[in-house]
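Dear colleague,

I am passing on the structure we spoke about, and below it you will find a short account of what came out of looking through it. Please read the notes with the structure open beside them.

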Amino acid sequence: MNAMVQSGAEGFLHRFEGLRARLPGARLPWLAALREGAAEAFRVQGFPTRRQEAWKYTDLRPVAEAGFDEPLTMLDEGLALPPGHGTARAVFVDGRFRAELSTLEGIGFAVSGLAAALPGLEGRLGALAHPQGQPLAALNTMLFEDGLVVTVPAGIAGGMLDLVSVATETERPAAFHPRHLIRLEAGASLTIIETATGPEGARYLHNPVFEIEVAEGATLVHARLQQEAPRAFQLATVYASVAAGGTYDNFTLNAGGRLVRNEIHTTLTGPKAACHMNGAQLLGAGQHADTTTFLDHAAPDCASRQTYKTVLAGKSRGVFQGKILVRQVAQRTDGYQMNQALLLSPEAEIDSKPQLEIYADDVKCSHGATVGELDAEQLFYLRTRGIPEARARSMLVEAFLTEAVEGVNDAGARSALQAAVTGWWEKQAEAAA
Amino acid sequence: MPAVTETIDTVQSVTEGAYKWGFQTDIEMDFAPKGLNEDIVRFISKKKNEPEWLLEWRLKAFALWKKMEEPRWAAVSYPPIDYQDAYYYAAPKEGPKSLDEVDPELLRTYEKLGIPLKEQAWLAGVSPQQEGGEGRSMPIAVDAVFDSVSVATTFKERLAKDGIIFCPISEAVQDHPDLVRQYLGSVVPQGDNFYAALNSAVFTDGSFVYIPKGVRCPMELSTYFRINAKSTGQFERTLIIADAGSHVSYLEGCTAPMRDENQLHAAVVELVALDDATIKYSTVQNWYPGDAEGRGGIYNFVTKRAQCRGARSKVSWTQVETGSAITWKYPSCILLGDDSVGEFYSVAITNNRQQADTGTKMIHLGKRTTSTIVSKGISAGRGQNTYRGLVRIAPAASAARNFTQCDSLLIGDQCGAHTVPYIENRCISAKVEHEATTSRIAEDQLFYCRSRGLTQEDAVGLIVNGFCREVLKELPMEFAVEAQKLLQISLEGSVG
């Protein structure tokens, strides 16, 4: 069997045709219809191009041209899992849930792999992620095989859950499209720390889609540490819906990968819902990372806060696009967004497009953006105190990132992030030395 | 006066009286046949007695335009425009030979608009016959463009003494062909965008300004645009060249009659600033905005761009946009020269059903180039107001600097305010700062003014003027006064 691997949208559509009867849940009519619709949407849209406003700064041609295969996942022995942050842990290898590697005993809520749970997910799967106009969600819906299903019952404090994604395929380029469904019922709480990694040299596509429901008064902290292999692609899309009095707290660290898109759509559907979206993009030579947020204020009295920081070293390119929509019903909205970029290299590029679209008058909305290099005066100050140049630079970069990291409302998640940031900087310093 | 009558009067003054410039002048006009094709382009060129190269230039633009599509990315909506259902050339029949021969009907029109076309009055030190008769310290040279042609230009001789050329562009084509040929289309090429291509094919008049080396223009130059005829579009073209070390301040104003139809205004303005030159370009845009239901009004789709070609050159755009049913306008600066400076100060108001999508582009190419953007958007009624801007820093623009501030004010819960800035930086030593806010008029500010005995409308007017102060202070004095009044008038009827 050495059929040519087809690339582009055709490659994925071809794969869907070949796999459709064997995909999990193929016998569920509702799911078959959902996949069919997604395939049609993907066929019509194809991969987005830079002519589309939402993709103005990110060119997906490297993904479209690559051509991907089914992950085979040969080795389990000696599989290096990243360190956990809590006791509960759900492990995915090449996008597939691995119960035997996971630790999920004794937690007070329901966690399972998606493939096994599919019969009970009619109406829930696809409730928030719609293939129309969202080619990556269409691709995911068409081809997902597994994912995580989490339901935290009303009033339960779920503690911390690690979501680990490891890629193993080093020989052939593999693609996997996990679909994660997370639901917090009224008054529940949970912290998820997601870590995505892969072996050096691996060239794979990780295309996860999250559908997140936060019910009345519930609180979800969702920290995503994207540390994929240097040649990997991650195209992640998060859809979150937050009901009255609920809070969704997303932090995304983009440190790995060659071409990365982190797209978050949050809708505040009930009064006094809150959303914090923070993130850091730490980029080195050859990396392109894009954070695109869309925040939909669809109810009155909601507050949203966003802080995104990008540090660019080497020949890297960072993108931030953030749109805040305030609908007419969303009176007394309080929205704030800040994105800042720090350039460490003359070859780096940053593109930023914050955006406000406001149809309610009793609102307080603002955004800010800054771009610059390390402040020479600050550097000088530290040097005069006897701090070596490299150390001084690292202090200033860390200080630059602090604001984004401090926005995370969970001490455990915060320290995990801090560690990841420090790790990235050390690697950069090594590379420079 | 009984309360009912008073209410009726107020409503009338708001819906009709508010646009004081809505009258129409009956004057004998010369039209080209309706529609747009190569023959019309040839007709216009012939009418203007243009040289062959300019006709070729127009035809090339027309060929490009035919292949182009109308831009649809702006946050505005309007029914499709039938480009064949308009006159592309309309001019008063008897062209004046000199100022003294200007049709008295035209003079009366401009008098009514408060635009002085009589030099004598200025020279004699008498203030013009306009309301209030406010004295002015400085004369202003005026080029008056009526539909498709320039009808009068004042102070030409005085300016000529300093070597300044200020004349209709059709005259410049005859008298200064080399200058026109050298610069026309050098900032906004024919195929730049759909409307620029259309303008390049059918432009009829507009102003031409050349300020020689080292000359500081002794007076404000201004062009006053008036659309009068029915079913016409106005396609003026303005070209300003400030040679090394020169300085000029240029003002632009415009009005149109009230009509139920939409009329198209697709202008192109090109500015060129050479070494150490400064151009200050101020606009008070007061085209007819349509009525409260959104019937009629001007579609203002214009391309304005400046090139700061020389080192230390500076271009400053100031605009007060109160009129037009739809505004699509992005006065921009290409900062080529090292240490060149671009500025953009804007107030845009949308009331009733007006839509505005406006902003600027600052393209930093030279070293140590700086740009400042201050934009104030005010939405009332069912108006939609969008700031759309680009700041791009090229790798070579070391130590470039940009500061942008966009503030939006919402009056009423049926309007919208949007901000869409693009920031693209490829230079490590550049520094870019952008901030945007959206809010409504604070209750405590209103309460404070009301408790001092101000009416609701006066209070809003005062607060809005305060909100726009940073921009208004950039306007030449006479214009600032006019602009302040205009802001208040534009917002009439927007507050309960």
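**Where the chains meet**

In this predicted model, 30 residues of chain A are in contact with 27 residues of chain B. On the side of chain A that touches chain B, strand 20 (349–358) and strand 21 (363–373) of chain A each supply at least two residues, and the largest share, 11 residues, comes from strand 21 of chain A. Sorted by class, the residues on that side of chain A comprise 13 nonpolar, nine polar and eight charged.

Strand 21 of chain A is also joined by seven bridges to strand 24 (residues 431–440) of chain B, and the two run antiparallel. Within strand 24 of chain B, the residue that Thr370(A) stands opposite is Glu433(B).

**A helix pair in chain B**

Turning to chain B, the axes of helix 10 (residues 443–451) and helix 11 (residues 456–467) come within 9 Å and cross at roughly 125 degrees. Because of that angle, helix 10 of chain B counts as oblique to helix 11 of chain B, and the crossing of the two is right-handed. Helix 10 of chain B makes the contact through Gln445(B), Leu446(B), Cys449(B) and Arg450(B), while helix 11 of chain B contributes Gln456(B), Ala459(B), Leu462(B) and Ile463(B). By class, this contact between helix 10 and helix 11 of chain B has five nonpolar residues, two polar and one charged.

With best wishes

How values were computed: Residues are numbered from 1 along each chain as its sequence is written. Chains are lettered from A and ligands numbered from 1 in the order in which they are written. This is a predicted model: local features need pLDDT of at least 70, side-chain atom pairs count only at pLDDT 80 or more; totals for chains, interfaces and linings use all residues. Two residues are in contact if their C-beta atoms, placed from the backbone, lie within 7 Å. Helices (H or I, at least four residues) and strands (E, at least two) are DSSP runs, numbered from the N terminus. Ala, Val, Leu, Ile, Met, Phe, Trp, Tyr, Cys and Pro count as nonpolar, Asp, Glu, Lys and Arg as charged, and the others, Gly among them, as polar. Two strands pair if DSSP finds at least two bridges between them. Axes are lines fitted to C-alpha atoms, for helices over the stretch in contact, and angles run from 0 to 180 degrees between N-to-C directions. Angles under 35 degrees count as roughly parallel, over 145 as roughly antiparallel, 65 to 115 as roughly perpendicular and the rest as oblique. A crossing is left-handed if the near helix is turned anticlockwise from the far one by less than a right angle, and right-handed if clockwise.
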